[in-house]
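Biologist: Could you take me through one part of this model slowly, as if I were new to structures? I would like to see how its pieces sit against each other.

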Amino acid sequence: MAILKKVKKCSHCGAILQSEDKEALGYIDALVLKRYPDGVLLCNNCFEEEKKVTNEIILNDEFKSVLKTIRDTHATVVYVIDLFSFEGGFPSEVTTLLNDVDVIAVGNKRDLIPKDVDDNELISYLRHRLKMAGLKVNDIVLTSSSKNYNIELLTEKIQDIAKGDVYFVGSATSGRSALIFEILKNYKNYTDQYIITYNFPETTLSGFKIPLSKTNAIYEVPGFPISNSLLGILDKPLSNYIVPKKEVEARKVTLSDKVSLAFGGLCFIQQLNEGKTPLSCYLSDKIQIKTKRGDPIKFFKSVLKNGTQENTSFKFRDLALFDVYDFEITETGERDVGILGLGWFQFSGNNQKIRIFVPKGVYVYTTRAKLKNVK
């Protein structure tokens, strides 16, 4: 009697997986095959490439030149971080160039984070993450340019701490320009110089230059791109649609081995082990959350085929264009799993095995819960 057995292939390059020849195509450690017989598997070569899909960006030489000028002149940096797209705030190529610079950290878009979250807890979390990123932080301020929250406090911190020039640095979504506009509403120019658009020497980069004194100024540095954010790969109308415009309230759903979740046509989640996992979902209220019992792949394909323009990208209407990540949650306590640019999901760790589908190249992460004190 013939025996039919499905051949395992690398989910990225398609090579047939084998554990005999390390130099041959499709090599994978035998222990991995044994441990994850039903998992989404990558050959060793593709696994090494996938490890590079982290919260990193590639800066062009012009941007590096500006950051080196900041470091060499011992200027003060106002480092603006988008609290909603938090994980995209401090890629290592930026923080490494600024690791010996005085920094005033700004957690911006405070209005998007639930009011229940204590500011001191949020500052504590931000301080921890910045320390891990290697930044020397003098002070931290939470702000909201749309609500005029702590703008005056930030201005005072700049005046107290800065001894020379001040550079506003942050990602393209951080809200640096909006913060500067709010600061300018109460700005008093005691010099004979004008606010101008400044071209950084030997680059094509430009931003505002605001005189603080006859010898010192505030410079707006163009935002660094976040190429591994969902916001960086979607069409602009859809990107604007998924960015929340008001306080993000947790939406409660339950994930299980029998019920899968779709977040528009931009993210799909299934649970591989038995049991239920209540999720608190923090994302724009414009994103539809759908649940479905039964075959998850059929469900996900159906969502992509029938999705609306507001919730589905025409660039990603085929599940083959999605990366797949398996998370085995071994930690206990409150955890986050997030998709950069879309939002995150908070839950209690209980040895879950969770599979997430996201458009190719988008950064997916897991951390301890940011909003652990939300009531």
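Modeller: Let us call it a contact when heavy atoms lie within 4.5 Å. Helices (H or I, at least four residues) and strands (E, at least two) are DSSP runs, numbered from the N terminus. This is a predicted model, where local features need pLDDT of at least 70 and side-chain atom pairs count only at pLDDT 80 or more, while totals for chains, interfaces and linings use all residues. Residues are numbered from 1 along each chain as its sequence is written, and side-chain values use heavy atoms, leaving out hydrogens and water.

Start with the helices. On the α6 side, I151, L154, T155 and I158 touch L179, E182 and I183 of α7. Of the residues in this contact, five are nonpolar, one is polar and one is charged (nonpolar means Ala, Val, Leu, Ile, Met, Phe, Trp, Tyr, Cys and Pro; charged means Asp, Glu, Lys and Arg; the others, Gly among them, are polar). The axes of α6 (residues 151-161) and α7 (residues 176-184) come within 10 Å and cross at roughly 85°. Axes here are lines fitted to C-alpha atoms, for helices over the stretch in contact, with angles from 0 to 180 degrees between N-to-C directions. The two helices are therefore roughly perpendicular (under 35 degrees is roughly parallel, over 145 roughly antiparallel, 65 to 115 roughly perpendicular, the rest oblique).

Now follow the chain to the strands. Antiparallel β5 (residues 196-199) and β6 (residues 206-211) are joined by four bridges; strands pair if DSSP finds at least two bridges between them. K209 in β6 faces I196, and K209 also stands opposite Y219 in β7.
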